[in-house]
Amino acid sequence: MAGGRAGLRLDPRLLEHLSAGRQIALVTGTNGKTTTTRLLTVALGATGDAVVSNETGSNMPPGHVAALAGTEARRAVLETDEIYLPRVLTATTAATVVLLNLSRDQLDRTNEVRMIAGSWRAALAAAPHTHVVANADDPLVVWGAGVARDVHWVAAGLRWRHDAVGCPSCGGRIAFSESGWSCAACDFARPEPEATLVVAPDGTARAEWADGRTAPIRLALPGRFNESNALMAAVAADASGIDALEALAAMESVQEVAGRFTVRAFGDVRARLMLAKNPAGWDELLDLVAGSDAPLVVSINARIADGADPSWLWDVPFERLGGRAVVATGDRYRDLSVRLHYGGVEHSTEPDPVRAVRRAATAASSGAAAVVDVIGNYTAFHDLLGAPA
Amino acid sequence: MTTPLRIAVVYPDLLGTYGDGGNGLVLARRAEWRGYEVTLLQAPSDHPLPEADLYCLGGGEDGPQVRAARTLIDDGTLARRVAEGAVVLAVCAGFQIVGRTFPGADGGTHEGLGLLAVDTVKPATPRAVGEVLVEVDPDVLGPLPTLSGFENHGGATSRVEGTAALGQVVAGVGNGVDDGSEGAVQGRIVGTYLHGPVLARNPVLADRLLTWALDDVALAPLDDSEVEGLREERLLSVGGNRRRRRR
């Protein structure tokens with residue numbers, strides 16, 4: 001990445017030059033970027049083509065340059081920061097852009113979500129040759145994709161709706177129903193999807209296309225949100241000329257993505273590491289761990305990459321953790337402790353994350369075999385992923 | 001008190017962006033822990049605003065903020081309840097819309113509820129983002145410990161003469177006008193730019209609002225050890241910085 005930065009200093013149009021002659025897909029959104037990028041990379045590579053990607057999570061132009069430099073791969077899948085999408089789209093003239101979702105995240109250093117959606121809209125209006133794959137269930141994404149010439153709408157679901165109530169078109173109120181959403185004041189409404197994520201009563205998921213195709217979504221990765229990511233990637237693969245059903249089958253081989261859901265050892269304690277960066281992500285993961293009674297460590301930092309203001313902890317429904325053995329840790333464990341206190345969640349505090357994991361393990365009912373669940377925000381997750389065993 | 005204390009979080013769908021809904025939770029728990037019965041209402045913008053004794057308004061994005069102001073003016077309940085003595089805590093965008101005028105994303109000036117005699121404009125300076133410490137004016141709310149919070153706004157709010165400030169910033173920007181003030185207080189309405197949420201970080205302020213809403217009862221002390229640890233940390237981390245000024 002340092003090389004990418006230096007290269008861009010020498011040649012500000014380096015990303016444009018490196019993109020020439022390649023078929024590039026950009027993946028952006030608030031949550032799911034890294035995983036969807038990985039799933040799409042695997043899907044596009046299933047035919048034997050070389051596919052390059054910025055797998056380190058460095059999702060701004062220096063990371064894109066670093067990924068593309070020194071490879072002849074004709075296909076590239078680039079995770080792209082949502083603020084940077086317009087300029088990366090201009091530089092790469094990407095063939096495909098995947099728009100996942102938009103919700104509040106690091107408000108002290110990024111823009112309001114409506115401003116981001118507006119910047120996508122302007123950028124895609126100026127890119128008539130780009131295929132857009134967009135989540136039809138997120139009104140802000142639909143606004144962002146809205147005037148693009150070729151949009152593949154995907155009903156990929158939207159659990160967190162708290163940022164989507166104000167209509168981005170007219171300022172009216174968006175009403176959600178079983179069948180979709182629409183603005184009460186103007187004609188802005190959910191577009192008809194060409195593919196839909198369907199969940200059976202037994203919890204299994206499958207993809208259904210309006211043209212009649214259907215396929216099961218069977219991932220090694222946990223969580224409904226990853227099934228949504230897989231469907232988005234499958235439609236993007238389809239738009240890139242790869243059969244969507246073969247793409248979904250190829251994604252089954254992905255075991256972990258950049259450490260998310262990795263089980264690692266700290267001494268004789270094993271911990272499953274999970275990453276949630278913002279209220280929408282926490283809402284998903286608290287739902288995922290709800291079925292377990294494993295001890296839980298929650299780790300919160302407020303460094304530059306996390307955002308300096310942890311007020312968002314109060315938007316997270318931590319009340320769901322009532323009755324669990326919870327240990328609060330990370331640089332900002334005190335903010336978390338106050339939040340849990342008012343949420344009625346009994347907990348202990350331990351500033352050191354590794355010690356917090358060890359402490360939590362002692363609360364496990366089933367002894368040494370238990371795996372401690374750990375959810376951290378961005379740098380808190382990486383601290384534990386990289387901590388010495 | 002025979003009827004429950006009613007606390008309403010106003011329009012969380014429009015003014016819920018910055019975690020300020022936590023203020024309602026803090027107020028409700030602190031009353032319940034002292035034995036009061038509480039009804040905590042989440043009041044969405046597509047329903048009439050419910051009758052309540054204490055209203056909390058939070059921060060929101062520019063577009064939804066304009067909609068919230070228009071809807072509250074049309075609804076009429078908040079202004080009526082204030083005239084009847086209800087308590088209001090209004091934060092950030094909420095602070096601006098209980099004032100007289102505020103700026104919209106379009107650059108135009110919008111009408112607020114006019115419950116606080118303040119006017120907000122968009123200054124030519126960058127957004128005020130960062131930790132804030134405020135020394136409260138003891139003549140306004142009585143003696144309170146230093147307030148801690150986090151600000152994130154692009155407004156400059158001036159008070160009409162005679163409207164008290166909540167206090168003076170010792171770190172951070174606050175109202176963003178030249179007098180170093182933060183927030184405003186008029187009757188039982190407190191406006192501020194502090195997130196955190198402000199009542200989570202400053203339980204004494206929460207108790208002051210509860211005292212008003214509970215007809216000036218004396219509240220029993222609570223064990224605030226979690227919050228004391230957080231306050232010490234925040235005051236230490238920010239205390240070294242002098243007051244930031246917009247340039």
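Colleague: How many residues of chain B are in contact with residues of chain A?
Modeller: This is a predicted model, in which local features need pLDDT of at least 70 and side-chain atom pairs count only at pLDDT 80 or more, while totals for chains, interfaces and linings use all residues. Residues are numbered from 1 along each chain as its sequence is written, and chains are lettered from A and ligands numbered from 1 in the order in which they are written. Two residues are in contact if their C-beta atoms, placed from the backbone, lie within 7 Å. On the side of chain A 22 residues take part, and on the side of chain B the count is 31.

Colleague: Which elements of chain B give two or more residues to the side that touches chain A?
Modeller: Helices (H or I, at least four residues) and strands (E, at least two) are DSSP runs, numbered from the N terminus. The elements that qualify are strand E9 (147-153) and helices H1 (21-32), H2 (62-75) and H8 (225-239) of chain B.

Colleague: How many helices and strands does chain A have, and why is chain A called as compact as a globular protein of its length?
Modeller: Chain A has 13 helices and 17 strands. The globule rule is 2.2 Å times the number of residues to the power 0.38, and the radius of gyration is taken over C-alpha atoms. For 389 residues the rule gives 21 Å, so chain A is as compact as a globular protein of that length because its own radius of gyration is close to that, at 21 Å.

Colleague: What share of the 247 residues in chain B is buried?
Modeller: A residue is buried if 20 or more other C-beta atoms lie within 10 Å of its own, exposed if 12 or fewer, and partly exposed in between, with C-beta atoms placed from the backbone. In chain A, 54% of the 389 residues count as buried. In chain B the share is 53%.

Colleague: Which residues of strand E5 of chain A point the opposite way from His131(A), Val133(A) and Asn135(A)?
Modeller: In a regular strand the side chains alternate between the two faces of the sheet. Five of the five residues of E5(A) (131-135) are buried. His131(A), Val133(A) and Asn135(A) point one way, and the other way point Val132(A) and Ala134(A).

Colleague: Which residue of strand E5 stands opposite Leu99(A)?
Modeller: Two strands pair if DSSP finds at least two bridges between them. Strand E4 (residues 96-99) of chain A and E5(A) pair in the parallel sense over four bridges. Opposite Leu99(A) stands Ala134(A).

Colleague: How many bridges join E15(A) to strand E16 of chain A?
Modeller: On one side, E15(A) runs parallel to E14(A), joined by four bridges, with Thr329(A) as the bridge partner of Ser299(A). E15(A) also pairs in the parallel sense with E16(A) (347-349), where His347(A) is opposite Val326(A). The bridges between E15(A) and E16(A) number three.

Colleague: Which residues of helix H13 of chain A are buried?
Modeller: The buried residues of H13(A) pack against strands E13 (269-275), E14 (296-299) and E17 (371-376) and helix H12 (353-362) of chain A. H13(A) covers residues 378-386, and its buried residues are Tyr378(A), Ala380(A), Phe381(A) and Leu384(A).
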